[in-house]
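Open the model in your viewer and keep the sequence panel beside it. This tour goes stop by stop, with something to select each time.

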Amino acid sequence: GHSPATPRGGVEAEIVRFASMEDLQAAPDAAVRGRIVYVDLGQMHAMQDGSGYGPQTRVRGAGPGVAAAKGAAAFIMRSVGSDENRMPHTGTTRYVDGKPTIPAFALAAPDADQVSRLVALGQPVRMRLTSTARTYQTHSQNVIGDLPGATRPDEIIVLGSHMDSWDLGTGAIDDGAGGAITIAAAKAIADSGRRPARTLRVIFYGSEEVAQPTAQTGNGGAVYARAQGAALDKHIIAGESDFGADRVYALRLPAGAQGSDFQKAATRVLYPIGVLASDRVETEGGVDVGPMGPLGVPFFGLAQDGTRYFDLHHTANDTLDKIDPAQLSQNVAAWAGLLWLIADSDVDFRAMKPATPASTTPAR
Ligand SMILES: [Zn+2]
């Protein structure tokens, strides 16, 4: 994403391979100039909490810019993904000084293996790359629906997800699932016939994947946070569903809620469906709700099993058949149960907000 096209006829050059970003950064310009830079960190590790993703996205985000500054002709990398399918994973690269860098490509895991094997033989390996990629300006919008609270309607709880997706697949897990989970949870509460005290606000953010850079400028989450102004003071807490539809296993709350009566009540509701209270506190929320953090809004997190998320993420395999209806339903139950408790309580989550929200979540 954000890569410029190659010139007509493509780019052909010798490959120079690096096993890390540090190795690329340390390389003399003469070793890189005019060549195709290949960064291969090895296969991403599948982790329940998705933590294998961060180190790899640094290559995708910053790699093309570093290679371009050293005079490279193009950039290739091993896909950021945990599968062994012959399907590349797309995702965003970062502009340098507001300008696109050099043509950048991601190889599917088996192809990355093969290129690395060829390079390891020690003979020069040449590659021809052709891309018609382009980036253009267009308009997106956030879609917002409120379930007004019965007695404290000015107090807002945000349920976030994003509508945009990469165009290789259909965006079923990233992030159609999040939209489905959050709106189904709000609907379950509405259908119960009894209104909770506070307002539930479901937001389908209009642009998460394409933002440059993510949190501060043009994404739907930043625009929403800016547009709210003083109304943000009445945002009690926010959460985001943006990790597919596999089951929720942990509840994360603001630091001050650890050990609180609220956490105990939430545990009573969520434990029977397999969700444990985590000793890890929620500081980031997610890419879309994240920009509200520095403005004083605390976050909750319903952590999902991400073990197979990055097998499918940002590939042609991101389609509805990968969603397990039973796990999707468990997500809706977890969201509905927790949100009912939050919306019908008078707990001041803002007073529990941790002092230092992080802002390093890679877009996913
Ligand atoms: Zn996403």
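Helices and strands here are DSSP runs, numbered from the N terminus; a helix needs at least four residues and a strand at least two. With that in hand, select serine 3, which lies in the segment before β1 (11-18). Keep in mind throughout that this is a predicted model.

**Stop 1: the start of the chain**

Is serine 3 buried or exposed? It counts as buried, because its relative accessibility is 8% and the cut-off for buried is under 20%. Now show its side chain. A polar atom there lies 2.9 Å from the backbone nitrogen of alanine 104. Next, select what serine 3 is in contact with, leaving aside neighbours within four places in sequence: Thr93, Ile102, Pro103, Ala104, Ala133, Arg134 and Thr135.

Step back to histidine 2, also in the segment before β1. Histidine 2 counts as buried, at 13% relative accessibility. Look at its backbone. Phi of histidine 2 is near 80 degrees, a positive value in a residue other than glycine. Most residues other than glycine have a negative phi.

**Stop 2: the whole chain**

Zoom out. The protein chain has nine helices and 12 strands. Its C-alpha trace spans about 70 × 40 × 35 Å along the principal axes. What radius of gyration would a compact globule of 364 residues have? It would be near 21 Å, and the protein chain has 22 Å, which agrees.

Buried residues make up 53% of the 364 residues. The protein chain exposes about 15,800 Å², and carbon and sulfur atoms supply 54% of that area. Then colour by charge. There are 33 positive and 39 negative side chains, and the centres of the two sets lie 3 Å apart.

Contacts come next. Take those between residues at least 6 apart in sequence: 82% of them join residues at least 24 apart.

**Stop 3: proline 28**

Select proline 28, in the loop between α1 (21-26) and α2 (29-32). Proline 28 is exposed, with a relative accessible area of 54%.

**Stop 4: arginine 78**

Go to strand β3 (residues 74-78) and pick arginine 78. Arginine 78 is buried, with a relative accessible area of 7%. Which side chain does its own side chain meet in a polar contact? That of glutamine 43, at 3.3 Å. Not counting residues up to four places away in sequence, arginine 78 touches Tyr38, Val39, Asp40, Gly42, Gln43, Leu107, Ala109, Ala112 and Asp113.

**Stop 5: a cis peptide bond**

Select aspartate 174 and aspartate 175. A cis peptide bond joins them, with omega about 5 degrees. Aspartate 175 is found in helix α5 (residues 172-191). Most peptide bonds are trans.

**Stop 6: helix α6**

Move to helix α6 (residues 220-228). Which of its residues are buried? They are Gly220, Gly221, Ala222, Tyr224, Ala225 and Gln228. The buried residues of α6 pack against β6 (143-147), β7 (152-162), β8 (198-205) and β9. Glycine 229 follows α6 and has a positive phi, near 55 degrees.

**Stop 7: glycine 244**

Continue to glycine 244, in the loop between β9 (235-240) and β10 (248-252). Glycine 244 is buried, with a relative accessible area of 2%. Not counting residues up to four places away in sequence, glycine 244 touches Ile173, Ala177, Ile181, Gln304 and Tyr309. Now draw a distance to valine 287. Glycine 244 and valine 287 are 43 residues apart in sequence and 15 Å apart in space, C-alpha to C-alpha.

**Stop 8: histidine 314**

Finish at histidine 314, in the loop between α8 (309-312) and α9 (325-343). Histidine 314 counts as buried, at 3% relative accessibility. Phi of histidine 314 is near 60 degrees, a positive value in a residue other than glycine.

Conventions: Residues are numbered from 1 along each chain as its sequence is written. Side-chain values use heavy atoms; hydrogens and water are left out. The radius of gyration is taken over C-alpha atoms; the globule rule is 2.2 Å times the number of residues to the power 0.38. Buried means under 20% relative accessible area, exposed over 50%, partly exposed in between (1.4 Å probe, protein chains only). Contact means heavy atoms within 4.5 Å. Accessible areas come from the Shrake-Rupley method with a 1.4 Å probe; for residues, only the protein chains shown count as cover. Lys and Arg count as positive and Asp and Glu as negative; His and the chain ends are not counted. The place of a charge is taken as NZ of Lys, CZ of Arg, CG of Asp or CD of Glu. A polar contact is a pair of N or O atoms within 3.5 Å; within protein, one must be able to donate a hydrogen and the other to accept it, and residues adjacent in sequence count only if both atoms are side-chain atoms.
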